[in-house]
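Hi,

Here is the structure I said I would pass on.

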Amino acid sequence: MDYAELIEHDDIEGVRRSGVDFSGADEDGLRILDCRFDGARLNGAKFTGCRFIDVVFDAADAPDLELSKCALQDVAITASRLGGVQAYAGTWTRVTIVGGKVGYLNLRSAKLARVRFEDCVVDELDLSQTQVDRLSFSGCTVGRLDLSNARCKDVDLSGAEVLTLESNPEGLRGVSVSHAQAVDLAPGLARILGMKVV
């Protein structure tokens, strides 16, 4: 089913469907409310300034997805395969990403509150210049995490294996890591702090 068939008065509301095709969508200001989509296709979908409230995407396929300036509230993305996701300058509140894999997630200059990543792989996560209040990882692998100029409050990295960390000292305030992580990340942390290890 093409998603356009579900739109009524610039809203998609109360929908429970499998196999909805959002591929090639180009929407600005659309509201998606109280919906569940199983096996949705989102290749090349572009949502700008849209609102997603109380929405579940399960087993979604999104090789290339645009969510810039979008507001996500009470959203769950589960067992999905996401490629490049542009979600900069948006607002994410009570969002969970569980299972699956994310290639590149650009949340630069976004506002995040109570966001969780669980049991997933994220190749690259860009949180530079992002305002973060309560972010956690559980059973995750993050290939590269950028916190440059982020403003962090209660960011818990202890449940993630972070392979590469990019930041400046300001971006690390409010971030917690485990003792083992601190040892593993020591060379990178020393570089960030301008320290020379001899």
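Below are my notes on the sheet, the cavity and a few single residues.

Keep in mind that this is a predicted model: local features need pLDDT of at least 70, side-chain atom pairs count only at pLDDT 80 or more, and totals for chains, interfaces and linings use all residues. Residues are numbered from 1 along each chain as its sequence is written, and side-chain values use heavy atoms, with hydrogens and water left out.

Let's start with the sheet. Eight strands form an open sheet with parallel pairing, in the order E3-E5-E7-E9-E11-E13-E15-E17. Strands here are DSSP runs of E with at least two residues, numbered from the N terminus, and two of them pair if DSSP finds at least two bridges between them. Strand E3 (26–28) and strand E17 (160–166) are at the edges with a single partner strand each, so one side of each has no neighbour in the sheet. On average, neighbouring strands are turned by 15° against each other, direction ignored (the axes are lines fitted to C-alpha atoms).

Next, the cavity. A cavity is a set of points on a 1 Å grid over the protein atoms alone where a 1.4 Å probe fits but cannot get out, and its lining residues have an atom within 4 Å of a point. Grid points are joined across faces, edges and corners, and the volume is the space filled by probe spheres set on the points. The structure holds one cavity of 30 Å³ or more, and the largest cavity has about 120 Å³ of space. Its lining includes Phe47, Phe52, Leu72 and Ile77. Strand E6 (51–58) and strand E8 (71–78) are the elements that give two or more residues to this lining, and E8 gives the most, with three. What classes of residue make up the lining? Eleven are nonpolar, and none is polar or charged (Ala, Val, Leu, Ile, Met, Phe, Trp, Tyr, Cys and Pro count as nonpolar).

Serine 128 lies in the loop between strand E13 (121–126) and strand E14 (131–138). Serine 128 has 2% relative accessibility, so it counts as buried (under 20% relative accessible area, 1.4 Å probe, protein chains only). Tyrosine 3, in the segment before strand E1 (11–13), also counts as buried, at 8%.

Cheers

Terms used
1 Å grid on protein atoms, 1.4 Å probe; cavity = no way out; pocket = protein on both sides within 12 Å on 5 of 7 lines; lining within 4 Å. Helix = DSSP H or I, 4+ residues; strand = E, 2+ residues; numbered from the N terminus. Axes fitted to C-alpha atoms, helices over the stretch in contact; angles between N-to-C directions. Buried < 20%, exposed > 50% of the residue type's maximum accessible area, 1.4 Å probe, protein only.
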